[in-house]
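Here's a quick briefing to read alongside the model. Have the sequence and the 3D view open as you go.

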Amino acid sequence: MTIKRILISIGILLIASATAYAFFFRDKKINRDILVEVNKNDFEVNILTTGELRSKSMTRISAPTKLQQLGIYQIKIADMVPEGTLVKEGAFVVSLDNSDVLNKIKDQQLNIDKKNAEIKQASLDTMMELRTLRDEIVNLGFDLEQKVLEKEQSRYEAPAEIKRVQLEYEKAERTLRQKKDNYKTKQIQTQTKMQILGSDLKQLTNYMEGLTSILSQLTISAPKSGMLVYDKNWNGQKKSVGTQIELWNPTLATLPDLTQMEALTYVNEVDIQKVKVGQAVDIGLDAATDKKLKGIVKSVANIGEEKPNSDAKVFEVLIDVLTEDPILKPAMTVSCKIATEKYKDALQVPLEAIYNDANGSFIFKRTDGSLVKQYVKVYTVNESNALISNGLKQGDRVYHSLPSDTTGLKMFKPDSTAEIKPKQLISIDTTEAKRLKEQAGKESKTQ
């Protein structure tokens with residue numbers, strides 16, 4: 001019975017409490033409005049992008065360009081040490097498939113054998129022809145001597161007989177002379193033919209020597225010590241074992257200089273007009289979030305390009321990494337914050353406090369206990385705040401969100417002649433870039 005009474009007492013107490021709360025607070029509204037004070041501070045407009053690191057200078061490891069001179073325009077990678085390997089000068093790096101070269105050597109040897117047989121056959125044929133001509137010249141010499149004897153014996157014959165013998169003599173003499181001339185011409189023809197065949201054989205032999213010498217060049221060693229980084233094909237895929245190399249792009253891999261790095265990033269066409277050479281960049285590493293690097297915009301592309309699987313146009317931006325750090329490696333993913341605009345002592349409010357209607361941008365502020373709808377001039381915005389050039393002053397208190405009670409709302413428009421443009425800081429020049437580089441060097445030493 002005692003427990004039952006206690007429970008009944010607790011229930012009566014709760015009901016009484018609820019009734020009292022409803023009676024005393026039913027007409028009162030809880031004020032959850034948050035007001036923030038307008039202050040002056042430095043204001044930055046940044047462009048945030050992602051990119052990757054790469055070396056500003058590198059040593060290229062390429063397939064032998066002599067392959068193209070030998071009629072080979074494609075070749076496969078047979079073996080390659082893993083990417084990221086620290087190789088020493090002279091160490092094995094890549095071997096290329098030699099099957100095409102070996103097939104060409106085999107075919108070329110057949111061509112050389114065939115040409116040697118052709119030269120031998122031509123030499124035998126020429127030797128037989130010249131021997132026949134020499135025999136004919138000797139026989140014609142005998143005939144001419146016989147005609148000389150007949151000519152001497154015909155001195156006492158009739159004039160007609162003398163004439164006939166004289167004509168036969170002249171004919172025999174002319175035939176012998178023609179045969180000797182033919183023999184000399186045949187010798188010249190034979191020499192020329194043998195020279196042509198010899199030249200063809202030399203060309204085939206030189207080609208064979210080129211093929212045999214290129215075999216040793218298909219195993220490639222590191223020209224210097226460094227970290228191996230695979231090169232990319234035209235489609236962006238990295239070259240690896242089994243990749244077919246087009247010899248118009250013979251680079252297989254690179255050995256980057258890790259002491260000089262740059263970041264490659266892309267900015268969309270909406271923001272690219274804000275990016276200028278010389279602007280400061282804060283760089284963060286995805287692999288080491290505690291690392292903060294300094295950079296400066298090095299170059300901005302004039303022509304845009306399309307991202308894969310997207311219609312968006314982007315422009316390439318190169319950022320010179322001023323901070324040196326042994327942790328930096330090629331292809332590391334980085335976040336880049338490019339400072340495109342900087343203003344000193346600028347009035348600013350949170351973006352959440354800005355609203356828009358047909359008449360322009362406005363905020364809600366509390367002035368002398370009254371709620372005011374104040375139209376303002378928004379000069380520019382960044383990722384969190386809006387820079388105000390007219391309609392507010394330092395110390396004003398504005399609503400961070402919509403007021404819960406708009407009773408007695410007043411509206412004011414700013415005086416257009418009273419607009420004060422914020423003081424923009426000078427863009428980073430060569431002197432400032434040098435200072436940043438020195439500062440980055442000091443920071444890297446302390447790290």
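Asp 42 is partly exposed, since its relative accessible area is 46% (buried is under 20%, exposed is over 50%, and partly exposed is in between, with a 1.4 Å probe and protein chains only). You'll find Asp 42 in strand E2, residues 39-55 (helices, H or I with at least four residues, and strands, E with at least two, are DSSP runs numbered from the N terminus). Bear in mind that this is a predicted model, where local features need pLDDT of at least 70, side-chain atom pairs count only at pLDDT 80 or more, and totals for chains, interfaces and linings use all residues. Residues are numbered from 1 along each chain as its sequence is written, and side-chain values use heavy atoms, with hydrogens and water left out.

**Negative patch**

- Asp 42 sits with Glu 44, Asp 345 and Glu 383 in a surface patch of negative charge.
- A patch takes residues with over 30% relative accessible area and no salt bridge, joining like charges within 9 Å and nonpolar side chains (Val, Leu, Ile, Met, Phe, Trp, Tyr) within 5 Å.
- Areas come from the Shrake-Rupley method with a 1.4 Å probe, and for residues only the protein chains shown count as cover.
- Asp and Glu count as negative and Lys and Arg as positive, while His and the chain ends are not counted; the charge is placed at CG of Asp, CD of Glu, NZ of Lys or CZ of Arg.
- Asp 345, a member of that patch, lies in strand E17 and is partly exposed at 46% relative accessible area.

**Positive phi**

- Asp 345 has a positive phi near 50°, though the residue is not a glycine.
- Ala 331, another non-glycine, has a positive phi of about 75°.
- Ala 331 belongs to the loop between E16 and E17, and its 36% relative accessibility makes it partly exposed.

**Salt bridges**

- Side chains of opposite charge can pair when their charged atoms come close.
- The whole structure has 21 salt bridges, each one a side-chain nitrogen of Lys or Arg within 4 Å of a carboxyl oxygen of Asp or Glu.
- Asp 325 and Lys 291 pair up through their side chains at 3.0 Å, N to O.
- This pair ties together distant parts of the chain, 34 residues apart: Asp 325 is in the loop between strand E16 (313-321) and strand E17 (333-350), and Lys 291 in the loop between strand E13 (280-285) and strand E14 (292-300).
- Asp 325 is buried at 10% relative accessible area, and Lys 291 is buried at 16%.
- Asp 231 and Lys 239 also form a salt bridge, at 3.5 Å from N to O, and both residues are buried.
- Glu 118 bridges to Lys 115, with the closest N and O atoms 3.3 Å apart.
- Glu 118 and Lys 115 are about one helical turn apart because they are 3 residues apart in helix H3 (residues 99-153).
- Glu 118 is partly exposed at 37%, whereas Lys 115 is buried at 14%.
- Lys 147, Glu 150, Glu 161, Arg 164 and Glu 168 are joined in a salt-bridge network.

**Around Pro 256**

- Pro 256 is part of strand E11, residues 251-256, and counts as buried at 9% relative accessibility.
- Leaving out residues up to four places away in sequence, Pro 256 touches Ser 55, Ser 57, Met 58, Met 227, Val 229 and Pro 330 (contact means heavy atoms within 4.5 Å).
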